[in-house]
Amino acid sequence: MSKTLTSLIHVNAKKALYFDAYNYINDQKILRNDIPVYNPATHEILCHIPDSKEDDIKLAVESAIKGQKFWFSKSCDERRDIMYKTGDILQTNYDNIVYAEVKDSGKPIWEAKMDVTASIDCIKYFAGLANTNAITGQYINMGENYAFVRREPIGVVAAIGVWNFPLLTATWKSGPALASGNALIFKPSPLTPLTSLMLAEAFTEAGLPTGCFNVVQGGAQTGSLLCKHPSIGKISFTGSATTGSAIVKNISGDGLFVPAKRLTLELGGKSPLIVFGDAPLEMAVKTAMMANFLTQGATCSNGTRVFVHDSVYNRFIELLVAKMNQNFISNPQGIGDPTLDTTLIGATITSEHAKKVMSYIEKGKEEGAKLVFGGYRVHPPGLTSKNGHFLMPAIFSECTDDMTICKEEIFGSVMCLLKFKEEGEVIERANNTYFGLSGGICTKDISLAHRVSSAIQCGTFNVNTFNMYPVQIPFGGIKGSGYGHECGLQSIEHYTQWKSVYVDATSADNPSSMFCPYFDGLIP
Ligand code: NAD
């Protein structure tokens, strides 16, 4: 590293075309231009990142071990104040962070604004918990004696993030980890390295001790090195089921000892949204769109299998297609430059990913689904075809449960419409998937909503809306969608461990709890 680097958080991200993206270790910026990162909307190089290897990880772990001891020795009020101040610093630099997120991820600016606001909420929520009973332990009265149960941090936690919600993932993981006294090493996706660095700088500016939040850049190999490192006590992973499964194998040890590392996995999904015949259809159409088209369809919890009751199936399609026409055909600004306020859908993250989504659309047609809307490449006005990869969302009707597009996670804007007749039938079909991330229902019947929400196998469920995940409620999957939770009080459980301490309070010379006769030489 030869040049002095400006803090990313203070760079005018609206104007900037190129950023310095570094490793952030021990509050030091370490720049190496190993891997190019592209702006998805223009396909121009946005930054370069280091490809972190063993030595980088070693440095980050050493710095985290030192930082964590100091951080945990602070009072919980001090931890609250520093985290709260971090939220304020993020708020002050809101525009810069929003523009960096848009340029990094390709998502439209209206969504990036929501994500950055939710990230600030997240840091402030966990700041608020830092000095409450959610993080402290328990006292148990034993008559003359007593016990207490300490909730202790795990120590050094490594978190691995994805490209669809870069800052939100970093705050969902650092919020509970830091509030409960851990140090964190965050590895963002190599496709979206910028905003977790801005978060790191905000933490430092707010007074977080050196070494408590480190960012190491890199891809699969860097992630794998973190998972193997013996001094890292917990891995919090967000990503695909395939990578999750590789990580389980990676940390499973040598067969002699139970591995000491804890793991939470936030993986993919193929979630159902069920529209019953009594649902107001305008609301159901908007819900289905929210369940499918956020972040170019690359949202893990999306309700991509939309089951619509036979009695309203045709009308639902009519209204849905009309709404899509209004948003994206009559309105040429609907898809395009993600930095514009008028854009509803931005750029697909990479050309490979756009090809993958298009290949699923072809597969859907081959297998007999009927493409009723979109499903083609778009060349938005003002951006030449060489730039970015923009896709018109695809809607398929006449889908059947066994079609590839209805079984596999596509992670793009491909909505599958499936017809159903009976409540029992649709519950069985909705649950007939490897995944279990989320689910939803549209209905006016509150009893039905309760019955279906308890019958669907998933971690989160929405009634008459979709993809609503405020920080106060836990978010996580079951079945093949992983285990553990982000957000809510429940997330604290995944970043802490319990220690029970029994105290004989009577007298050290004559302890009342020493009931064993052997100690006095007496054999009963
Ligand atoms: P991915 O699994 O390819 O990569 C995720 C992260 O893991 C990246 O940082 C990557 O560098 C790292 N990685 C890759 N191989 C690794 C290995 N062997 N060991 C350790 N780390 C490794 O996923 P992606 O394509 O970036 O993201 C898309 C997937 O993420 C989708 O399946 C989506 O559903 C899922 N996702 C889940 C949630 C959730 O909260 N449940 C949220 C967002 C995305």
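1. Glu398 is placed in the loop between strand 17 (394-397) and helix 12. Helices and strands here are DSSP runs numbered from the N terminus, with at least four residues (H or I) for a helix and at least two (E) for a strand. The model is a predicted one, in which local features need pLDDT of at least 70 and side-chain atom pairs count only at pLDDT 80 or more, while totals for chains, interfaces and linings use all residues. Residues are numbered from 1 along each chain as its sequence is written, and side-chain values use heavy atoms, with hydrogens and water left out.

2. Glu398 counts as partly exposed, at 40% relative accessibility. Cys487 is in the loop between strand 21 (482-483) and helix 15 (490-493) and is buried, with a relative accessible area of 0%. Buried means under 20% relative accessible area, exposed over 50%, and partly exposed in between, with a 1.4 Å probe and protein chains only.

3. The aromatic pairs number nine. Rings of Phe, Tyr and Trp (its six-membered ring) are paired if their centres lie within 6.5 Å; planes under 30 degrees apart are stacked, over 60 edge-to-face, and the rest tilted. Tyr125 and Phe126 form an edge-to-face pair, at 5.0 Å centre to centre and 80° between the planes. Both Tyr125 and Phe126 are buried.

4. Trp163 and Phe411 also make an edge-to-face pair, with 5.2 Å between centres and 75° between the planes. Trp163 lies in the loop between strand 7 (156-160) and helix 5 (166-179), and Phe411 in the loop between helix 12 (404-407) and strand 18 (414-420), so the pair ties together parts that are 248 residues apart in sequence. Trp163 is buried at 16% relative accessibility, and Phe411 is buried with a relative accessible area of 16%.

5. Ser189 bears on the surroundings of Trp163. Ser189 sits in the loop between strand 8 (183-187) and helix 6 (194-206) and is buried, at 5% relative accessibility. Neighbours within four places in sequence aside, Ser189 is in contact with Gly161, Val162 and Trp163; contact means heavy atoms within 4.5 Å.

6. Elsewhere, Tyr139, Tyr146 and Phe148 are linked into a cluster by ring pairs. Lys234 lies over the face of Tyr495, at 4.5 Å from the ring centre. For such a charge, NZ of Lys or CZ of Arg must be within 6 Å of the ring centre and within 35 degrees of the ring normal.

7. Ile154 touches both Lys234 and Tyr495; its contacts, not counting residues up to four places away in sequence, also include Asn182, Gly233, Arg262 and His494. Ile154 lies in the loop between strand 6 (145-153) and strand 7 and is buried, at 16% relative accessibility. The C-alpha atoms of Ile154 and Ser180, 26 residues apart along the chain, are separated by 8.9 Å.

8. The largest nonpolar core has 109 residues, and those with the most contacts inside it are Phe126, Phe213, Val275, Phe316, Leu320 and Leu417. A nonpolar core is a set of buried Ala, Val, Leu, Ile, Met, Phe, Trp, Tyr and Cys residues joined through side-chain atoms within 4.5 Å. Helix 4 (residues 109-129) gives the largest share of this core, 10 residues. Among the residues that Phe213 touches, beyond four places away in sequence, are Tyr24, Leu184, Phe186, Leu199 and Phe203. Another core, of 30 residues, lies apart from the largest one and includes Phe307, Leu391, Val414 and Leu418.

9. Helix 9 (residues 281-290) has Leu281, Ala284, Val285, Thr287, Ala288 and Met289 buried. Strand 12 (272-275), helix 10 (313-329), strand 18 and strand 19 (438-442) are among the elements covering the buried residues of helix 9.

10. Three cavities of 30 Å³ or more are present. A cavity is a set of points, on a 1 Å grid over the protein atoms alone, where a 1.4 Å probe fits but cannot get out, and lining residues have an atom within 4 Å of a point. The largest cavity holds about 150 Å³ of space, the volume being that filled by probe spheres set on the points. Its lining has 19 residues, of which Gln296, Thr348, Leu391, Gly412 and Ser413 are the closest to the centre. Helix 11 (residues 351-366) contributes the largest share of that lining, three residues.

Technical notes: On a 1 Å grid over the protein atoms alone, a cavity is a set of points where a 1.4 Å probe fits but cannot get out, and a pocket is an open set with protein on both sides within 12 Å along at least five of seven lines; lining residues have an atom within 4 Å of a point.
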